[in-house]
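Student: I would like to learn how to read a structure like this one, feature by feature. Could you take me through it?

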Amino acid sequence: VGWDAAVDTDFHKLQTGPWKKGGRPYEQICDSALDLVGFTPMVRMSRLAKHLEVDCEILGKCEFFNAGGSVKDRIGKRMIEEAEKSGRIKKGDILIEPTSGNTGIGLCMAAAIKGYRMIICLPMKMSGEKVNTMKTLGAEIIRTPTEAAWNALDSHIYLSARLAKELNGHVLDQYKNAGNPLAHYEGTAEEIIEQTGGKLDYMVMSAGTGGTVTGCALKLKEKIPGIKIVAVDPYGSILAAPDSMNDKSVRTGAGVGTQYQVEGIGYDFIPTVIDKRAIDYWVKTDDDESFAMGRNLIRHEGLLIGGSCGATMAGAFRFIKENKIGAGKRVAILFADSSRNYMSKNMDDSWMEANGFSMKEINRTCNEKGY
Ligand code: PMP
């Protein structure tokens, strides 16, 4: 794989993740919020399993327990630490990143603590909650058109590169930076292995940059023989393989269009950090099933998950049903972020209705069995 050569890509040699420091997380007083990144809990979702009538065990890896609220805190911290170690950046420098918001929050948190100036380039689609969080952490935000192709002059990716040149800043670039999959290879996956005792048959994750699914998959496959990796990709994105799965028409509450509403997953190009060879199965999801499943998950498990988690769970559910995964099998699902990011969007009934999602129908599916 062609990860950024500026970082040591031979990560098989690097075995010093935070879980190896010894001691339990939160046992001691922390030096900063950065110590509260990682060590996220896993929850057995037996109530949702009953509601969905699945017989296998389903487990949620709750990444919204990270200090900044998402799985991407791990890479925000890691990419800054790697760049500091290599001498590429120093306190006071300008960092610029194209993001769907969560990597931005992770970077802004690290930048606030360590003393960097942060500029975030963010497509218009992303929620106001993410914008306000990053602004409050001290960042400057530049919005770009949602529909701009990744290589268009006005895309968040192109704009970041241009600004970096003009301002003499640095783009750590989550799409290419080896620190992205490494944070999951050394952190997220090790935690999952420890928490499950290595008894895990399937791991389901959604893909944006693909850093989470790639880093986790490589480590899980090394340590758990026979484990299968399932990746979830929304309709409208081109990440899934084979490409024939990638129907470009997007089914979303208001009908069929070109833009899906779920944030943080899917792309119109293949990021360098994704290694598709590590993925055994792909599942495509649409907005309707994602938001309905998200509501179901919150209602039955009390886990305050974000929009892509609904997609990941909807993909996992379909995979479990289609492949008849039954009793005795264990499936873990990674929940990338929290409801906090979407209070004015899919957490808000009036937003849902205004965007064509029937709350009456969703409430019916949540409540129909009385549990
Ligand atoms: N879900 C959400 C809400 C995200 O913000 C992201 C990251 N863009 C992902 C899932 C996917 O993570 P990754 O970039 O590691 O594939």
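Tutor: Gladly; we will go through the sheet, the ligand shell and then some single residues. This is a predicted model, where local features need pLDDT of at least 70, side-chain atom pairs count only at pLDDT 80 or more, and totals for chains, interfaces and linings use all residues. Residues are numbered from 1 along each chain as its sequence is written.

Student: In what order do the six strands of the open sheet come?

Tutor: Some terms first: helices (H or I, at least four residues) and strands (E, at least two) are DSSP runs, numbered from the N terminus. Two strands pair if DSSP finds at least two bridges between them. Here six strands form an open sheet with mixed pairing, in the order 1-2-11-6-7-10. Strand 1 and strand 10 (281–285) are at the edges with a single partner strand each, so one side of each has no neighbour in the sheet.

Student: Which strands does helix 7 touch?

Tutor: Contact means that the C-beta atoms of two residues, placed from the backbone, lie within 7 Å. Helix 7 packs on the sheet and touches strand 6 (202–206), strand 7 and strand 11 (330–335). The direction of helix 7 makes about 165° with that of strand 6.

Student: Which residues come nearest to the ligand?

Tutor: A residue is near a molecule if its C-beta atom, placed from the backbone, lies within 6 Å of it. There are 19 residues around the ligand, and Gly208, Thr212, Gly264, Ser308 and Ala336 come nearest. Helix 7 (residues 211–223) provides the largest share of the shell, three residues.

Student: How many residues of each class does the shell have?

Tutor: Ala, Val, Leu, Ile, Met, Phe, Trp, Tyr, Cys and Pro count as nonpolar, Asp, Glu, Lys and Arg as charged, and the others, Gly among them, as polar. The shell has twelve polar, four nonpolar and three charged residues.

Student: Is methionine 126 buried or exposed?

Tutor: We count other C-beta atoms, placed from the backbone, within 10 Å of a residue's own: 20 or more means buried, 12 or fewer exposed, and anything in between partly exposed. Methionine 126 is buried because it has 25 C-beta neighbours inside 10 Å. Methionine 126 is in the loop between strand 4 (117–123) and helix 4 (128–136). Leaving out residues up to four places away in sequence, methionine 126 touches Ser100, Gly101 and Glu263. Asparagine 341 is 215 residues from methionine 126 along the chain, yet their C-alpha atoms are separated by 9.3 Å.

Student: What is the phi of glutamate 53?

Tutor: Glutamate 53 is not a glycine, yet its phi is positive, about 55°. With 8 C-beta neighbours inside 10 Å, glutamate 53 is exposed, and its place is the loop between helix 1 (46–52) and strand 2 (57–62). Phenylalanine 39, also not a glycine, has a positive phi of about 60°. Phenylalanine 39 is partly exposed because 16 other C-beta atoms lie within 10 Å.

Student: Where is the cis peptide bond?

Tutor: The cis peptide bond joins alanine 241 and proline 242, with omega about 0°. Proline 242 belongs to the loop between strand 7 (228–234) and strand 8 (250–252).

Notes:
Axes fitted to C-alpha atoms, helices over the stretch in contact; angles between N-to-C directions.
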